[in-house]
Amino acid sequence: MRPIIFSKMDFSHSSLFGYIEDLQELTIIERPVRRSLKTPEEIERLTVDEDLSDIERAVYLLSSGQDIQGTSVVANLPVLMRQNPAETLRRVLPKIREVLHVAGVEMQLTAAVSFLTVLQEESVSIHTYSHSFLHIILQNLEHRDAGVSNAWLETLLAVIEALPKETVRHEILNPLVSKAQLSQTLQSRLVSCKIMGKVANKFEAHIVKREVLPLVKSLCQDVEFEVRACMCRQLEHVARGIGAELTKTVVLPELVELARDEGSSVRLAAFETLVNLLDMFDADDRSQTVLPLVKAFCEKSFKTDESILVSLSFHLGKLCTGLYGIFTPEQHLRFLEFYKKLSTLGLQQENGHNDNQLHLQTLEQEKKYISVRKNCAYNFPVAKLLNSDVYTIHKELVTLLQDESLEVLDALVGHLPEILELMTNGGENNGSESKLLSIPDLIPALTTAEQRAATSLKWRTHEKLLQKYACLPHIISSDQIYYRFLHRMLTIILTNNVLPVQKAAARTLCVYLRYNRKQEQRHEVIQKLIEQLGQGKSYWNRLRFLDTCEFIMELFSKSFFCKYFFLPVLELTHDPVANVRMKLCCLLPKVKSTLKIPTDKHLLQQLELCIRNLLCQEKDKDVLTIVKRTVLELDRMEISVDAEQLEKEKQKNEGRSTNINDKMFEKKRRDSKTSSVLAKSINLSISGSSSGTSAGKEEKKSKLVRSQSFSTQVLHPKYSNIDKCPNKSSATGYTSSVPGMGKSCMLSFSDDSFRAHAAGNSGNAAFPSSSSRSLFNSADQKSNANKESQSRKMSIKNRKSNS
């Protein structure tokens, strides 16, 4: 259809007919939509009186409504049972029973789920449930649709667990005798097999032996392989119900016969059941009966029946664990070679095959081979059974790490720390020098695995791999980690776009840094973290810096964080991006918890200063809200106290206080001595041959000395106008009154130079500041000078009166 362009309308003859054709095509498209609309008659039939109650509406819809309305009523059955169980059982449930005879697949499946929900919610007693619902479930078990039959069977198996034994025996077990006969349908016999496995755990062993086991043997010998396979899988439940003795005499012979069955699905079911029941067999049964069967099973898998390789590889770990201790050296070596072959299945080109033949492999076969290798990777921790011979599968570990399928790598990663520690430290290779010699290709394999995961779209596998790589400090040397893995982690943090992957790399990097004992390398990494993350141009990198700092606080000591990362973290309070400041505020309580008093009192002051700046200068309302909440949290926190350091500070302050007091006392003593000597010299000079002129010169000299003394005590020009400071607190909320003045004056800590001075003297809070001491000293000297002047004047007057 040509596009209709309205911007430039052309009403020529040809164009007009073109538009008409387009409109006709649109009309044809709309016709199915019109036909799908309901007619007034159909709408009338779907309309229900609003005045009807829920029960009446349900009965009406089940009686005269359409299938979709009936299905809606069946789905709403648990709600009706909760609201009005008596009326629902009396009026609604009989209608549902009638409708299910002719109902479609959707209503049947909905009913099976609703019946199970009513049982799980315990809306009625189990006796009422069995009386009302059980017969409906049993009637629909043999539905012609396999999906519907399985849905009702799952409901019945759940009901069997809750029903009393007598009810199960009379209502379920007794009818099975007839339903398990060959004359019954295939579906009926399959249902009977699954019910046998469930009821075997419901009764005592002697009842199971008398009433259940004969039916079990009959179904194990059924003419249809589907029935034999289904009953074979239920033999595990039957064996758990009858105990080890009857299992040995009844179940094991049946499994041996089924393991030689002509049907591959039957043999597979027999093999899996044998593996699951290994713990119930004694050593003789395992060595004389089970082991030969397993051996034959493994040999046939490659030669004639590759379809069972997936199951065999999946159960190989459980099989080796169950048979451990009964292997002969030859059998041990045979199973080991079998595992090696499975772990490389589909990777090696067979002799005689060319490239064209390799392309003929179907997609299904390739998927099967990948599943086999994935199962081998999943079962690799079984290598611990090899003890000192674990080195024999080093090559297979490297191969699985380098597998092209991420499914294989994902299965291996789950137990990677355990596997690597086992492979590098297992057996006699316990020395640190032999770690890398034991698996020379380990490091390239690990780097290849990480790069393959990084280039794929499966970021969860990449994340899990990076998390597991945190075990490497216990596996390889610190230098190898530094040169091959540590910088790679930093690159991932800087370049990867997936947040969980970045966080995993950041935490693993911190672990590497934690175990690195070379100061040069440590300092280099710390510097890169601060410069490339904390001071990076991208706000995303600065956010990851805060994540990294959180991991550092988790893995390192408090003093380490305070020494290297405390101040770089606080610098982000000035970050131009609100999200960074917001994340920083959320991190501040953890940051404060790293401080110790009095060792980190200067850092505490910096933290408080940053909080005050945020409170005063923050303009983003979301950040400000978090800041206020953080301030309340910080206010409730208690800071750790270093008792030893606190005692040293106390002793130091006491010694400083003693020295200051001694100096002040010595100064006052010298001043008083000087004034007395001066007075005596003045008296002597006046009583001698001194004249009035020399006395005038001495007085001028004394005034000059006093003038110089006052001039040396003048306040710094910055604080010469402290009387003009407003009597209110500054933005920091802290004020200080200056003693020794005529009136109280408030000093603001917002001034940077004064704050620095206050921080330097914070350890001597019991003593006045230097400016206060200068004011006190100035006042004392002025008082002493007045006393000297009065003394001299009195001496001169006395001399004149005597003369």
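User: Which residues does leucine 472 touch, not counting residues up to four places away in sequence?

Analyst: This is a predicted model, in which local features need pLDDT of at least 70 and side-chain atom pairs count only at pLDDT 80 or more, while totals for chains, interfaces and linings use all residues. Residues are numbered from 1 along each chain as its sequence is written, and side-chain values use heavy atoms, with hydrogens and water left out. Contact means heavy atoms within 4.5 Å. On that basis, leucine 472 touches Leu420, Leu446, Ile481, Phe485 and Tyr512.

User: Where does leucine 472 lie, and is leucine 472 buried or exposed?

Analyst: Helices (H or I, at least four residues) and strands (E, at least two) are DSSP runs, numbered from the N terminus. Leucine 472 is in the loop that joins helix 27 (459–468) and helix 28 (478–495). Buried means under 20% relative accessible area, exposed over 50%, and partly exposed in between, with a 1.4 Å probe and protein chains only. Because its relative accessible area is 0%, leucine 472 is buried.

User: What separation do the C-alpha atoms of leucine 472 and tyrosine 512 have?

Analyst: Tyr512 is one of the residues that leucine 472 touches. The two are 40 residues apart along the chain, and their C-alpha atoms are separated by 8.2 Å.

User: How are helix 29 and helix 30 oriented to each other?

Analyst: Axes are lines fitted to C-alpha atoms, for helices over the stretch in contact, and angles run from 0 to 180 degrees between N-to-C directions. Helix 29 (residues 499–515) and helix 30 (residues 519–534) have axes 10 Å apart and pack at an angle of about 150 degrees. Angles under 35 degrees count as roughly parallel, over 145 as roughly antiparallel, 65 to 115 as roughly perpendicular and the rest as oblique. Helix 29 and helix 30 are therefore roughly antiparallel.

User: Which residues of helix 30 meet helix 29?

Analyst: The side of helix 29 is formed by Leu509, Leu513 and Arg514. Their partners in helix 30 are Arg522, Val525, Ile526 and Leu529.

User: At what angle do helix 16 and helix 19 pack?

Analyst: Helix 16 covers residues 283–303 and helix 19 covers residues 329–343. Their axes are 12 Å apart, and the angle is about 35 degrees.

User: How many helices and strands are in the chain, and what share of its residues counts as buried?

Analyst: The chain contains 40 helices and four strands. Of its 803 residues, the share that counts as buried is 40%.
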